Amino acid sequence: MGDMMSTGVTGLLAFQTALDTISNNISNVNTPGYSVETANLVTNPATPTANGWLGQGVTASTVTRSYSDFLDAQTRSATSSYNQYNTTAGLADSINNMFDDPSTGLSATLQSFSESIQSMANSPGQASARQAVLNQAQSVIAQFQAYQQNLNQLGGQVNTQIQSEASTISSLAQSIASLNQSIMAAQNNGSGQAPNALLDQRNQLIDQLSQHVSVSTVQQSDGSLNVFIGSGQALVTGGQASSLSATPDQFGSGQLDVSVTTPTSTTDITGQLSGGSLGGLLQFRNTMLIPGQNALGQAAVTLTSLVNTQNAAGLDQNGDIGAALLAVGGPQVLTSKDNAGTADVTATVSDLGGLTTSNYDLEYDGTNWNMTDTVTGQSTTLAASTSGGVTTLTGAGLTMTVTGAAQAGDQFLVEPTGNAVEGMSLLTTDPAKIAAAGPLVASATSTNTGSASIVSATVPDTTAWTRGDYTLSFTDPANPTDYTVTDASGNTVATGTYTAGTPISFNGIKVTLSGTPAVDDSFAIDDNAGGTGDNSNALQMAAILNSKVLNGGSASLSDAVNSYVGSVGLLTSQAQNGATAQQSVMTTAQTAQQSVSGVNLDQEAANLLQFQQAYQAAAQVIAASQTLFQSLITAINTPA
């Protein structure tokens, strides 16, 4: 009877453990991070008897949690990807809406300016039409600077969020390290049982971490879990947590870098981070924010250069050569705080065709200077020359001047157009300063008998132009194609032999004829100082948006702006589509994970009924053994 009772008691205790486990599962059905538990029942060792081996009941050996490392890793990866895309998409939409607005967008703003010049060209003598050009120019400047302010605000928002992300990640790392310590202590307390609740808490924290940055883990034999972020940077090692911090970059550019601090060192890991909302912030900054600021600056530099160059090619209402109408900020070169040398670098834009929307790292290796794109790492060709202790570097549309002594490893951040919009301004309020008229008036003398005619008469560079009225004559019967150019006083300024289609150059002027001149034919090439109604230069100014001056002469300002606005829309769409796709992947992964780790109430209800009946049966075994034992005692005590 004793064996029967003890066997029943083992069942009662084992089934009680199973029921306790089931009730705990049901209670935690909605608890985030909880993994369903199972009481594992095993048969007690049998006892040999004369009649064979008799069983000694059952015991609950362990209570284990249902968990899949593979499914959890999948879920974390999908979560990191989704949060990166979602963060990028949310910020990208702000830039897309700003630049693509049909009425105030970048393309629309430039087109309105071009249209105002075209209107002036139709009535170059009207002060109101000229004033409208200046008003529209001021509107362009105001709009560009509003764009810049919005981008700067986005940059500040990104910095604030990076700081918040670094703080959150550091806090989670510290909590994970603390749980590692508790888990190691629990697993070494001699019970041999896994601390399921602590393991669930740790996994939940790692799941939360994956929302902020990509994460991977490595299980250790002592029960701890080493946690790595980005491309393998250790965040938690056993019970020791590293911390993340957002600090100003080495150049003081206003951007924040992310550094990891261990007990022995602090390392910048900005370039190695990806995934999660922190990865999304860094991706947005590198692929949209900085290129957006630089594209806006490139447009400002190009517009200013084209307007000023074209204005200088004509004459204003006072008969003067056109002066600069717009000003723009120059390139910015920032020095690393870690530099050991005394070198100073300045830069100017020297080639619009080579100007890009990138920033560059300029570094001295002890012998040569090297320049690489800050985002792609692609090297840029530099031409270098040194004279009188001053080194001149040319590349990426810039001419850079290095003074002082550089040491190996010295670095500089070159921002070709990042400061352009801030320095943008209108240099005149006088509409008469707009050079709408061309510099020359060219005509054939009415008595000409040959077939020669003027194709063009231009002043390629007004700074090299000697102003005045000139006559181009063909007067030698023996050499009818020989020409002479005289000024208004009859002084000869140039002679030569005419070839159809070949420009005749003199005093900064180029005249191109076609046909065959006759002896005594002549052409007047006059200064257009009095031509206030002339619109020839205004027409060329109205077309500057389509001048192929960018990307090595293959793209116009209009092309570049439309290309950039289109790329912003594409990147925004890709981020939005990526977020949608990754959300689906994440949901699928979470469903698969919950199919293993989640609590199924139907299954738990069935288990509850099963073990409730088993418990009642075990109680009946005990009751039966007591009845039998009492019957035996009664029989023994009854007199014969």
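A residue counts as buried at under 20% relative accessible area, as exposed at over 50%, and as partly exposed in between (1.4 Å probe, protein chains only). Keep that in mind as we walk through this predicted model, where local features need pLDDT of at least 70 and side-chain atom pairs count only at pLDDT 80 or more. Residues are numbered from 1 along each chain, and side-chain values use heavy atoms, without hydrogens or water.

Let us start with two helices, H2 (residues 69–99) and H5 (residues 196–210), whose axes come within 8 Å and cross at roughly 30°. That makes H2 roughly parallel to H5, a label for angles under 35 degrees. Where they touch (heavy atoms within 4.5 Å), Asp72, Arg76, Thr79 and Ser80 of H2 meet Asn203, Ile206, Asp207 and Ser210 of H5.

This contact also holds a salt bridge, meaning a side-chain nitrogen of Lys or Arg within 4 Å of a carboxyl oxygen of Asp or Glu. Aspartate 207 pairs in this way with arginine 76, their closest N and O atoms being 2.8 Å apart. Because aspartate 207 sits in H5 and arginine 76 in H2, the pair ties together parts that are 131 residues apart in sequence. Arginine 76 is buried, at 6%, while aspartate 207 is partly exposed, at 24%. Asp72 joins Arg76 and Asp207 in a network of salt bridges.

How many salt bridges does a search of the whole structure find? The answer is 6. Another one of them joins lysine 337 and aspartate 338 (3.3 Å, N to O). Lysine 337 is exposed at 61%, and aspartate 338 is exposed at 52%.

Notes: Axes are lines fitted to C-alpha atoms, for helices over the stretch in contact, and angles run from 0 to 180 degrees between N-to-C directions. Helices (H or I, at least four residues) and strands (E, at least two) are DSSP runs, numbered from the N terminus. Angles under 35 degrees count as roughly parallel, over 145 as roughly antiparallel, 65 to 115 as roughly perpendicular and the rest as oblique.
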